[in-house]
Amino acid sequence: MTDRRTSTSTDAFESQLRSFAHATAPEPPPHLLDHVLRQTEGAPQASGWRSFSWPVVAAVITAVVLAVAVGSSGWLQVANRPMGTSPALGSSSAFASAGGSSGTSRPGSSSTPPVAVEHADWVRVGLPDPSGDVFGGTSALDVVAFDGGYVAVGAVNADCCASDDLSLDRGIVWKSADGISWELHDGIATFQHARLNQIVAFGGRLIASGTSAEPQVGQPAVSIPALWTSSDGTSWERVQGDVPAMITIGPRGLVGIVTEPSDATTDPMNWFATSSDGLLWKRDSIGWPGDVHDMAARADGIFVAVGASSEDRPDEAAIWYTSEAGGWIEHTPTDAPDAWLASVTVFDGQFFVAVDTAEPQPDGSDRGVVWATDDPTTGSWRVIANLGNVHLSGIFALRDALVAVGTDESEDLSDATAWVSTHLDQWGQVSRDKAFAGINNEVAAVIPTRHGRLLSVGWYFDRHAGHLVPVAWIERAERS
Amino acid sequence: MERELVERAMQGDHNAFSELAAASIGRLYGTAGLILRNHAEAEDAVQECLLRAWRDLPRLRQPDRFEAWLRRLLVNACNDAMRRSGAHRSDIELDYASALGLSDSAASVANRDELERGFARLTDADRTVIALRFYLDLSLADIAQALDVPLGTAKARLSRAIRAMQAELAAVGRGATEGRPA
């Protein structure tokens, strides 16, 4: 076991930071208030808030497509609205650090020299944004290939910043035949007070998971896990009963984790759940406490969940594993209790975890790493990639590549980033591509297109509009 | 009281807005100063924040959330400033000798100069979340709103920023021990 920072010393350090911040924050110059008031006096104000009225039936809004031929590859840049940053037209600037298999090295501790890898340019594509005056804007949170095209889900963040009312949010769906031109499906009644966080395609049906927060009279809306299904991406029905908060596809059907949220005195409890069709779910384990961030399933029926522990080790990194119908067992590397385990996936028979080590080096490197194991029951994970000064938020297994996404912190700005590896000892970074530039951009999900490109969705902070707009990033060229 | 002022300002009452601005400008400037480490940029960010607040106040749906909304505007203005000016902002000279409230026991963990040098070497993103948490004393939920990120992301960023600060302090300490400039 490693030494762990005690809560007492953590509290002392945070108290020190608090004193420091209050002591050193500068006072405003005397002229500043008068200067601001002179500028605002007589200045026009915007028109008032427009109340949002829900359409009776789903409205399908086709993006206004601005199509520009790009190069000889025939790729199109499309946008439904002007974007703050032009899609990259220059050469690929991929460069990479990389990890190498390092035996049984302690997670978070290995270091490997950079290896250059070439990568294609990416194009940022604006998705139709229905948020209008909604201050929080819109986020695209997941995407899936379905019926020869692509379906993305997300939410209008109406609760953001000017309200704590979660019932103001609404879930939205985008559909695309090619990953470039997207149609917005908004105003779907069952998504009126919802957020759509995740989508999978299973058994010829789409299944979206998220949360629903029905308005309450005289009290705040309460957000609860919710699940919806659709056969076409346009008409959706909510699944009734005990539904999981997150889902994935296992070797014998759908699996999920049902979570009962905590109150002030108890930890969140989780149950492993299974379903053959996404409509009827059954809890298949005893409950265990913890804050689960993600889960993945392997063909042999081994499941891994990552997140943070609770009870006696609050907020420390935790990894659980189980076989179907078995109990969950925590088996976490003990040398990295402060790591943030964001995401887990299965690739080529191994489990991979995207890790924010929370152990920055003096030069700012080695914050984001990827752990791997072929046997989660041993609790032995090895570092297979040091991705440098990056905050990793997700990792995805595609047909022939492993993709880690997050934000690049290497130049003091938080730009979206994606790292791609086809051979696990080589990782290429694409964040230097201008398509990924911009503070508070985040990549939420990545899938392969049927033409061998990578397609990702997320959001982009439009500093002119002052809010988030939903976007997709897509590779210009097919991957070789 | 504040709600009434906000509602009047939403209706175009500039006197009400003046009261709101006067009450907020100290915290706004302190926050911007900590994040940007540059007086001129902090001043610009606060101006941009308040100008936008005046312009968009009629669109504020929940007057009770005025403060949270204002913080969000400020963070956005600071983000703009970071993008405009790049990574080097260091013209704020702070008086650590009078760093208030640092007890002897706290100073034993890291001296005041080390704290400042460590803080100055953080990334903008780390300084932002530190300022929101430890200067404005925001909850994780409020930090998430100010940054416009999910709660889990806010939690991860705060955890990372604290660790980064600890690492920077360790680096500063090593530099001092070895006689090198940190």
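Contact here means heavy atoms within 4.5 Å, and helices (H or I, at least four residues) and strands (E, at least two) are DSSP runs numbered from the N terminus.

**View 1. Packing of helices α7 and α8 in chain B of the predicted model.** B:Thr128, B:Val129, B:Leu132 and B:Arg133 of α7(B) meet B:Leu140, B:Ile143, B:Ala146 and B:Leu147 of α8(B). By class, this contact comprises six nonpolar residues, one polar and one charged. The axes of α7(B) (residues 124–135) and α8(B) (residues 140–147) lie 10 Å apart, at an angle of about 135°.

**View 2. An aromatic pair between A:Phe20 and B:Phe119.** The ring centres are 5.4 Å apart and the planes 70° apart, an edge-to-face arrangement (centres within 6.5 Å; planes over 60 degrees apart). A:Phe20 belongs to helix α1 (residues 7–24) of chain A and B:Phe119 to helix α6 (residues 112–120) of chain B, so the pair joins two chains.

**View 3. Confidence along chain A.** Mean pLDDT (the predictor's confidence in each residue, from 0 to 100) is 74 for chain A, with 70% of residues at 70 or more. Over residues 1–8 of chain A, pLDDT stays under 50. Where pLDDT is low, the predicted coordinates should not be read in detail.

Residues are numbered from 1 along each chain as its sequence is written, with chains lettered from A and ligands numbered from 1 in the order in which they are written. In this predicted model, local features need pLDDT of at least 70, side-chain atom pairs count only at pLDDT 80 or more, and totals for chains, interfaces and linings use all residues, while side-chain values use heavy atoms, leaving out hydrogens and water.

How values were computed:
Axes are lines fitted to C-alpha atoms, for helices over the stretch in contact, and angles run from 0 to 180 degrees between N-to-C directions. Ala, Val, Leu, Ile, Met, Phe, Trp, Tyr, Cys and Pro count as nonpolar, Asp, Glu, Lys and Arg as charged, and the others, Gly among them, as polar. Rings of Phe, Tyr and Trp (its six-membered ring) pair if their centres lie within 6.5 Å; planes under 30 degrees apart count as stacked, over 60 as edge-to-face and the rest as tilted.
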